[in-house]
Amino acid sequence: MDSFSVIRARAIAKSFGDVIALDRVDLEVARGQIHGLVGPNGAGKTTLLGLLLGLAVADSGELDVLGAPVGRSLTAPEGVAGFVDGPGLYPSLTARQNLAALAALHGHGKRAAAIDDVLAEVGLTDVADDRARGFSLGMRQRLGLAAALLTKPRLLVLDEPSNGLDPAGKKHVHGVLTRLAAEGTGVVLSSHRMDDLEALCSEVTILATGRVVFSGPLSQLAPESRELDYRLRTSDPGTTRTTAAGTRGIRIIEGAAPRHDADVLVVRALVPALDELVSGLVRSGVALRELAPVVSPLEAAFLALTEPQEADR
Ligand SMILES: Nc1ncnc2c1ncn2[C@@H]1O[C@H](COP(=O)(O)OP(=O)(O)OP(=O)(O)O)[C@@H](O)[C@H]1O
Ligand SMILES: [Mg+2]
């Protein structure tokens with residue numbers, strides 16, 4: 001059953017008037033996988049997630065969710081939970097009452113223990129009896145996740161769930177998503193936070209102007225397989241520059257180092273060339289003080305894959 005796909009989308013298209021929001025998008029998410037959706041503003045992430053939740057219908061393409069084709073009715077497929085553009089909450093009800101109302105709506109009755117459990121899981125126990133009206137963005141996001149948990153989804157769909165979360169909230173949310181995935185729930189989430197995606201997701205799909213520009217395991221974006229920019233700080237910046245200039249496969253990126261920090265050199269390279277440079281520096285008696293990618297592999301891929309398309313517009 002491990003290879004069972006919770007989402008199988010083929011050539012999904014969706015337009016709003018002249019705007020092509022999704023242009024023949026494929027997406028495959030396996031059971032137990034946390035799949036990240038990234039892309040610039042307007043790339044089509046929310047539109048795609050909305051289709052999964054039954055909030056809209058694709059113009060064309062095939063969409064199977066939890067093994068069944070998604071029909072043309074605007075209802076969330078059974079077993080799917082989540083939200084786009086923030087969770088829908090009753091402002092005048094407390095967190096606990098919101099969840100009780102939802103449980104009643106789904107025919108689960110009150111089940112106070114289950115409500116307490118999900119509130120604890122998202123870290124809202126202390127404010128369980130406060131009205132949602134006064135909730136901050138991060139608290140609303142957490143309550144939305146608690147509401148989704150109550151339905152025991154087999155597919156969880158979240159649009160930018162990290163928005164507004166403080167470090168404690170982030171820890172709770174990451175814990176919840178990791179647990180769900182370990183139990184076999186498929187999770188698909190969008191985010192502009194590359195660090196969150198790298199911490200959570202095994203696979204990502206990068207969208208740009210409605211098209212998939214990358215989809216696959218994060219390991220395919222690892223520094224082993226593509227050039228990255230690295231900050232390099234040593235005990236002897238002059239020798240470092242000449243050594244870097246003389247090492248095959250190393251390109252010095254002028255003007256990329258912070259202006260206030262003349263000791264830093266930014267070089268673009270694959271890992272083997274970088275190894276070569278470091279060995280050369282050590283042989284010359286230069287001490288290495290700092291060597292780190294300027295941006296993470298995912299962020300570098302994101303910029304490389306989406307920026308040219310943005311410039312084309
Ligand atoms: N209901 C709508 N009516 C008209 N145009 C829409 C509608 N929903 C989305 N669009 C358009 O479709 C495109 C994709 O929008 P979408 O909200 O899916 O992007 P996104 O990737 O979620 O962006 P963001 O990162 O800003 O949340 C945009 O050009 C947007 O203007
Ligand atoms: Mg969006």
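**Entry 1: the two domains**

I looked up the interface first: domain 1 and domain 2 bury about 990 Å² between them, with 76% of that area on carbon and sulfur atoms. Buried area is the accessible area (1.4 Å probe) that two parts lose on being put together, summed over both. I noted that the model is predicted: local features need pLDDT of at least 70, side-chain atom pairs count only at pLDDT 80 or more, and totals for chains, interfaces and linings use all residues. Residues are numbered from 1 along each chain as its sequence is written, chains are lettered from A and ligands numbered from 1 in the order in which they are written, and side-chain values use heavy atoms, with hydrogens and water left out.

I then checked the bounds, which come from an automatic or database domain assignment: domain 1 is 5–219 and domain 2 is 228–312. Their contact (heavy atoms within 4.5 Å) takes 15 residues from domain 1 and 10 residues from domain 2. The C-alpha centres of the two domains lie 38 Å apart.

**Entry 2: α2 and α4**

I turned to the helices, which are DSSP runs (H or I, at least four residues) numbered from the N terminus. Helix α2 (residues 95–105) and helix α4 (residues 137–150) have axes that come within 10 Å and cross at roughly 30°. The axes are lines fitted to C-alpha atoms over the stretch in contact, and angles run from 0 to 180 degrees between N-to-C directions. I recorded α2 and α4 as roughly parallel because of this angle; angles under 35 degrees count as roughly parallel, over 145 as roughly antiparallel, 65 to 115 as roughly perpendicular and the rest as oblique.

On the α2 side I found Ala-95, Asn-98, Leu-99, Leu-102 and Ala-103, which meet Leu-143, Ala-146, Ala-147 and Leu-150 in α4. By class, this contact has 8 nonpolar, 1 polar and no charged residues. Ala, Val, Leu, Ile, Met, Phe, Trp, Tyr, Cys and Pro count as nonpolar, Asp, Glu, Lys and Arg as charged, and the others, Gly among them, as polar.

**Entry 3: α3 and α4**

I found helix α3 (residues 112–121) packed on α4 at an angle of about 140°, with the axes 9 Å apart. The pair is therefore oblique. Ala-114, Ile-115, Val-118, Leu-119 and Glu-121 of α3 touch Leu-143, Ala-146, Leu-149 and Leu-150 of α4. I counted these by class as 8 nonpolar, no polar and 1 charged.

**Entry 4: α7 and α8**

Last, I looked up helix α7 (residues 237–245) and helix α8 (residues 271–283), which pack at about 135° with axes 10 Å apart. That angle makes α7 oblique to α8. Thr-239, Thr-240, Thr-243 and Ala-244 of α7 make the contact with Leu-277, Gly-280 and Leu-281 of α8. The classes here are 3 nonpolar, 4 polar and no charged residues.

Technical notes
Helices (H or I, at least four residues) and strands (E, at least two) are DSSP runs, numbered from the N terminus.
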